Amino acid sequence: MSLVAHAAVVVVAGALTIRVYRAVGTTAYWKVSGADRYRAARRVGTVIGIVLALAIAVWPRVTGSLIIPPTAGLEEPAVVRRGTQNHKLLVLLHGWNGDASGTWNQFPQLLKNDSRLEEFDLWMVEYPTVLARRNLRIRQMSRWLNELMVINGRYEQYTEIYVIAHSMGGLIARGMLLENRLANNNMAYKSVISIASPYRGADIARLLSTLGLSRGYAEDLRPGSEMLDSLRDDWNSFRDRPHGYCLTSPHDAVVSEDSAIYQCNEYLRYPQWGHSEMVKPESTADPRYQVPVERVLRIASEHETTQPR
């Protein structure tokens, strides 16, 4: 925090303390009638409310941070399966207007029952996307997730991390990897498999903005937004970045194929399924399950063969 910010906080706190003391901290206050004391206390309450409201409004502009961060109260990713000595982690990240269960349907349970993934711990990340009062931004979510990984020692626990992300989750995943790299942590991420992610934006964002829902997300998802431009440039400058495999479909009415495969190492077009259906496999034989999972297994196998013994 800057010197100016510190000074502003001290002045506001000092003025409020003096006002409260004068109102209720002197002997004169207690000599008056109960009704007068009530009116004085009410005036103090009004002053405190006004000062707090001003502080909440002014604080971000003065300090560059929020008194109560929008990520406050968000929970750590839910554990689908955790082994005793697993050093590999598979993370599911849902997208806009989704949640950990509704987005994926049977996908997590299929992963949990897949014997080929016994060496992987499985996580599902839950975060709010349509809570207008939070007005979260994509890079804030990325920062929050990376901080959780650091605080809880996940980068020490896991030497290999694989991400399967749907829609906006792909943007959050790339941002999380960039946050990790900026913090000079060991890069455990080996692959990001994104499904219908709007790396060049989505036209639906304009509709969201018009409706007043999730303003932060809607602004970030606008084609040509400042966030998308910075994410593109940062990703381009990311040396030795994890392998990016992208899935799209000509039937996706929300995210165009061009947007979904942008800056990807490899991509595949599903011949069917819309935006939400691409992440709802019905069985392990379903291509919507086989394609991303086999890609994870292949990259994990390639990583093992390149490690010194």
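**Close-up views of a predicted model**

**View 1. Val254 and its neighbours from elsewhere in the chain.** Leaving aside residues up to four places away in sequence, Val254 touches Ala202, Asp203, Ile204 and His275. What you're looking at is a predicted model, here and in each view below. Val254 sits in the loop between E6 and H11, and its relative accessible area of 28% makes it partly exposed. One of those neighbours, Asp203, is 51 residues away along the chain, yet its C-alpha atom and that of Val254 are separated by 7.0 Å.

**View 2. The disulfide of Cys246 and Cys264.** The sulfur atoms of Cys246 and Cys264 are 1.8 Å apart, and the two residues form a disulfide. The count for the model is one disulfide. The torsion about the S-S bond is -80°, so to speak of handedness, the link of Cys246 and Cys264 is left-handed. It ties together distant parts of the chain: Cys246 is in strand E6 (residues 243-248), while Cys264 is in the loop between helix H11 (257-260) and E7, 18 residues apart. Both Cys246 and Cys264 are buried.

**View 3. Strand E3, covered on both faces.** Six of the six residues of E3 (residues 120-125) are buried. In a regular strand, side chains alternate between the two faces of the sheet. Here one side carries Phe120, Leu122 and Met124, the other carries Asp121, Trp123 and Val125, and all of these are buried. Alongside runs strand E2 (residues 88-93), which pairs with E3 in the parallel sense over six bridges. To get your bearings on the pairing, pick Lys88 and look across to Phe120, its bridge partner in E3.

View 4. Ile195 is a handy landmark for both pairings: it is the bridge partner of His166, and it stands opposite Leu247 in E6. Seven of the seven residues of E5 are buried, so the strand is largely enclosed by the rest of the structure.

**View 5. Helix H7 and the largest nonpolar core.** The largest nonpolar core has 37 residues, and the members that touch the most others are Val91, Leu93, Ile138, Ile161, Val163, Leu171 and Tyr189. At least two core residues come from each of E2, E3, helix H5 (138-151), E4, H7, strand E5 (189-195), helix H9 (215-221) and helix H10 (226-236). H7 gives the most, with seven residues. Why is H7 described as largely enclosed by the rest of the structure? Because 13 of its 15 residues are buried. As for geometry, H7 reaches 21 Å from its first C-alpha to its last, close to the 21 Å expected at 1.5 Å a residue.

View 6. Setting aside residues up to four places away in sequence, Ile138 touches Met168, Leu171, Ile172, Tyr217, Asp220, Leu221 and Met227.

View 7. Most residues other than glycine have a negative phi. Ser167 isn't a glycine, but its phi is positive, at about 55°. Ser167 is found in the loop between strand E4 (160-166) and helix H7 (168-182), and it is buried, with a relative accessible area of 7%. Trp273 is not a glycine either, and has a positive phi of about 80°. Trp273 lies in the loop between strand E7 (266-269) and helix H12 (287-306). Buried or exposed, then, for Trp273? At 18% relative accessibility, Trp273 counts as buried, because the cut-off is under 20%.

**View 8. The whole chain, with its confidence values.** The chain has twelve helices and seven strands, and 44% of its 309 residues count as buried. Its mean pLDDT is 78, with 62% of residues reaching 70 or more. Over residues 64-73 the pLDDT is below 50, and this stretch has 17 contacts in the model beyond near neighbours in sequence.

Note on methods. Residues are numbered from 1 along each chain as its sequence is written. Side-chain values use heavy atoms; hydrogens and water are left out. Helices (H or I, at least four residues) and strands (E, at least two) are DSSP runs, numbered from the N terminus. Buried means under 20% relative accessible area, exposed over 50%, partly exposed in between (1.4 Å probe, protein chains only). pLDDT is the predictor's confidence in each residue, from 0 to 100. Contact means heavy atoms within 4.5 Å. A disulfide is a pair of cysteine sulfur atoms within 2.5 Å. Two strands pair if DSSP finds at least two bridges between them. A nonpolar core is a set of buried Ala, Val, Leu, Ile, Met, Phe, Trp, Tyr and Cys residues joined through side-chain atoms within 4.5 Å. The expected span of a helix is 1.5 Å times one less than its number of residues.
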